[in-house]
Amino acid sequence: MLEKLENEARNCKACGLCATRINTVFSDGSKNAKIMLIGEAPGADEDKQGKPFVGRAGKLLNEFLKQAGIDRHKDLYIANTLKCRPPENRKPTKEEKAACERFLKGQIEALKPSVIVLCGATAAESFFDKKFQITKIRGEIFDNVKGFEGIKFIPILHPSYLLRQHSTQEGSPRDLTLKDLIMIKKAAL
């Protein structure tokens, strides 16, 4: 099912992003993972390589995953709300997210993860109806997301935000993100 979805995404023309993409960015990681991480959209590096989280933010994410004992290639399946890069790395529009929604839902249905990590506010907005601040809901477990019963959703801070936050002191964004990832690993067991 995932291969079929990926081929469909590669040929998708449901929104204008198909005209500006170099590659579709469908996924990375293990198709047997219990943890699925969903990001916002591909950036320039991701568009060039065709894989999510390979730029500076992805390298930082890899460091945090390693510290938390999560193997990116064995324990994690990574996708984005969009499969194509928005120009200038702008925030995805509602129409673009709607055009890619079937791919993301299909990935979730095929993978059947026990935990979905929502990486940043844009990813979280794709699943929650109400307004929120990511700094207020990060690290919380939501297990009542409509249409995805039985899956724990856990928002975390986006690594691009952490690139600007260098402190690792107790209670800092980096400290909290590491603690969130350690908790996520335990929640997936």
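Visitor: What share of the contacts in the protein with a separation of 6 or more comes from residues 24 or more positions apart?

Guide: Counting a contact wherever heavy atoms lie within 4.5 Å, residues 24 or more positions apart account for 72% of the contacts with a separation of 6 or more. This is a predicted model, in which local features need pLDDT of at least 70 and side-chain atom pairs count only at pLDDT 80 or more, while totals for chains, interfaces and linings use all residues. Residues are numbered from 1 along each chain as its sequence is written, and side-chain values use heavy atoms, with hydrogens and water left out.

Visitor: How do you know that the radius of gyration agrees with a compact globule?

Guide: The radius is taken over C-alpha atoms, and the globule rule is 2.2 Å times the number of residues to the power 0.38; for 189 residues a compact globule would have a value near 16 Å, and the protein has 15 Å, which agrees.

Visitor: What makes β1 and β5 edge strands?

Guide: Strands are DSSP runs of E with at least two residues, numbered from the N terminus, and two of them pair if DSSP finds at least two bridges between them. The open sheet of five strands has the order β1-β3-β2-β4-β5, with mixed pairing; β1 (28–29) and β5 (152–156) each pair on one side only, and these are the edge strands.

Terms used. Helix = DSSP H or I, 4+ residues; strand = E, 2+ residues; numbered from the N terminus.
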